[in-house]
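Look over the sequence and the fold before reading on.

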Amino acid sequence: MSFKKIVVLGGGPIGLFCAIEAAQTFNSGKVTLVEMRADEYSRMNVPALPTPVGKHLEHLQIKAQAVGKSGAAPLSQIETAIHEKAVSCGVKMKEGWVAVDIIGKEKRSDGRFKSMAITIAQWDHAKKAASTKKREIISADLLILAVGASGIENDLFKKTLGFDTETLNASNFAIYGVYTKTYDASLQSKLQNEVKSIAMATAISTDNSEYLLLTLKQATPADFALLKQNSTKLRECMDVAGRAYQGQVMHELNAKDKAVGAFEVKIKRARHVISPKFPALLVGDAAVSPHPQAGTGLLTGFHGFEALQDLLQALKAVHRSSDEAVDAICAFEDSYEIYLSAKALEGTVIILNHLIGLVDAYEKSCDVDFAKAKGVEAKYLIRFNALGGNLLRIKMQSQVNRALRFAEMLHADVNRLDTKANRTPRSMFDLSGKLDDSLSKTPVTGTMQSNDSIKVLWKDIGDTYIELMQLTQSYKPLQDAIQKLSTALPPKPVQPQGVSV
Ligand SMILES: Cc1cc2nc3c(=O)[nH]c(=O)nc-3n(C[C@H](O)[C@H](O)[C@H](O)COP(=O)(O)OP(=O)(O)OC[C@H]3O[C@@H](n4cnc5c(N)ncnc54)[C@H](O)[C@@H]3O)c2cc1C
C-alpha cells in the first residue's frame, strides 16, 4: 500500500504546486491544503518567470491563464490559476485555517514518527488568533510545509517539528511599483542611468501593466523607515523612479493601494529541511528566502518542488509504514540542502556588495562635508568617520571572499553527490547564477580557517552591520538621490482626456 494522506500547509505558488503533484501521484481525495488567507490572492509583485516554472505551467495546461500573452503576471494571477487547478485535481482546501497542534503517531524504535495528527483551527484575521472552537483533526503520513519566509517563524514548526532557521542580520532594502501605460513621453537616458546609480532595477511587462522593482544600492534604515511609514513618500519616490527609469511606459502609478510596496531584504535559511522526528519537510521560501535581485524566488522554490516530485515517486513505490518510506524522506535533504545553502550565500554576497557601495557613497559624502566644515575639530571628526568606513569596507570585502569560498566547497559537495547518483555534474550556475558571476569577477583568495562556518560568517557580518549602521545613522543617501532626480525631471505631461488611472 502506498502513501495514504498528505497535508500541505501554505497555499502560495509552491504549496499549490506541491498539492497538485501529490494529488496527481496519490489518491486526490487524500490531499489537504491548509492556507491561512481566506480572501482572494492579492499580491501585485511580478515574479520573473523562470523556464522550468513556465514549462510546468504548460504541463498543467494553465500557462495562458497564469501569465497571459506577455509571459509575466502579478503573483496573484499566477496563484489564482494554480489554485483553480488544485481544486480541479481534487485537493481539499481549508482556507482561512491554520495548524495549531501536531502529535506524532506510530513511533519507531529510533524515535521517528511514521505519521501525525494535525489539529487545525479557523484563523480570525481581525483578532490575529486561531479560534478555540472551530477546530478539526486531520491525519497525515507526510506534511509539506510551504508557509513562506515569515510563516516558518512559528513555535509549532520550531519547537514541535524541530525546524530551525538562521537569519543574516544585515539587510538591503527594496521598493516596487506597478505602472499603467498611460503616457508616451521620452526622457533623457541620463535619468535612467541616475536611477541605475541608486538601485538595481528589474522591469517586467505584463499584459496590463509595467512592474519596476528597485533593490536600493545605497539606502540606510533611516531612508527605509521614511518610505515604509509614509506611503505618500513611497508613491512619490516610485513615481520619480518610474518616470526616470523608463519614461515611455512607466508614467503613472497604478492607483490601487497595493501598487507600491517597500520591503526589507533579509536572507534566511533553514538549518534542515526535514524534521528530526516527524515525516515533515520544508519547501519554498520557508526553506530559504533568496535575494530578490537574483530574481529567483520562484525558481528556488521550484527546485524544492522538483526534489519533492522525486520523493513522491519514491514513496509511491513503498509501503507507508516501511523503513524505506522513512529513508526516502531523509534522502530529500541531501542535494536540496546544499542548494539552499548556495542560495543563502548568493544573497549574502549581494547584500555585502550593496553595503560596500553604501560605504563608498558615505566616504564621498565625508569628502564633501570635509570641504565645507569649519574648524579643526569638525574636520578631524569627519576624517575619523571616513576612516571608520574604510575599515568596514575592508572587513566586508574579506567576508565576501569567505562566502565565495564556502560556495566553492558546496559546489564540490554537490558534484560528489551527482557522481555518486550517476547524474551529470552540475555547474555552479545550477546552484546559483549570481555566485557563478561573483566567482568569475572576484577570484577566491587565501585559505579557510578550520573553525569557519556559514554560521560564524553570518555572525561576523551581523557585527559589522551594527558598526556600519552606527556610523551611517544620520546619513540618508536615498532621500538626497531622489530629491536630485526629482529636480532633474521635466514636468509631468498632462494626462490625455478620457484616460483614467
Ligand atoms: C515584492 C516582492 C517581489 C518579488 N519578486 C520576485 C521576482 O521577481 N522573481 C521571483 O522569482 N520571486 C520574486 N519574489 C519572491 C516570490 O514571490 C516568492 O519566492 C514566492 O512567493 C515563494 O512562494 P512560497 O509558496 O514558498 O511562499 P509564499 O508565497 O510566501 O506563500 C506562503 C503561504 O503560506 C501561508 N501561510 C503562512 N503561515 C501559515 C500557516 N501557519 N498556516 C497556513 N498557511 C500559512 C501564507 O498565507 C502564504 O499564502 C518576490 C517577492 C516579493 C515580496
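A cavity is a set of grid points where a 1.4 Å probe fits but cannot get out, and its lining residues have an atom within 4 Å of a point. Keep in mind that this is a predicted model.

The structure holds two cavities of 30 Å³ or more. The largest cavity has about 50 Å³ of space. Which element gives the most to its lining? Helix H11 does, with three residues. H11 spans 323-331, and S5 also gives two or more residues. Among the lining residues are Phe3, Arg112, Phe113, Lys114 and Pro279. Arg320, Ala325, Val326 and Ile329 line this cavity too.

S5 also belongs to an open sheet. Three strands form it in the order S4-S5-S6, with antiparallel pairing. S4 and S6 are the edge strands, and each pairs on one side only. Neighbouring strands are turned by 20° against each other on average, direction ignored. Nine bridges join S4 to S5. Phe113 in S5 is the bridge partner of Lys107, and Phe113 also lines the largest cavity.

| S4 | 97-107 |
| S5 | 113-124 |
| S6 | 129-140 |

Now the nonpolar cores. The largest has 135 residues. Ile118 and Phe332 have the most contacts inside it. Helix H12 (residues 333-372) gives the most to this core, with 17 residues. Ile118 touches residues including Val7, Ala99, Ile102, Ile137 and Leu143. Asp101 and Glu136 are also among the residues that Ile118 touches. A second, separate core has 11 residues, including Met44, Ala174, Tyr211 and Val265.

Methods:
Residues are numbered from 1 along each chain as its sequence is written. This is a predicted model: local features need pLDDT of at least 70, side-chain atom pairs count only at pLDDT 80 or more; totals for chains, interfaces and linings use all residues. Side-chain values use heavy atoms; hydrogens and water are left out. Two strands pair if DSSP finds at least two bridges between them. Helices (H or I, at least four residues) and strands (E, at least two) are DSSP runs, numbered from the N terminus. Axes are lines fitted to C-alpha atoms, for helices over the stretch in contact, and angles run from 0 to 180 degrees between N-to-C directions. A nonpolar core is a set of buried Ala, Val, Leu, Ile, Met, Phe, Trp, Tyr and Cys residues joined through side-chain atoms within 4.5 Å. Buried means under 20% relative accessible area, exposed over 50%, partly exposed in between (1.4 Å probe, protein chains only). Contact means heavy atoms within 4.5 Å. On a 1 Å grid over the protein atoms alone, a cavity is a set of points where a 1.4 Å probe fits but cannot get out, and a pocket is an open set with protein on both sides within 12 Å along at least five of seven lines; lining residues have an atom within 4 Å of a point. Grid points are joined across faces, edges and corners, and a volume is the space filled by probe spheres set on the points. Lists of a residue's contacts leave out its neighbours within four places in sequence.
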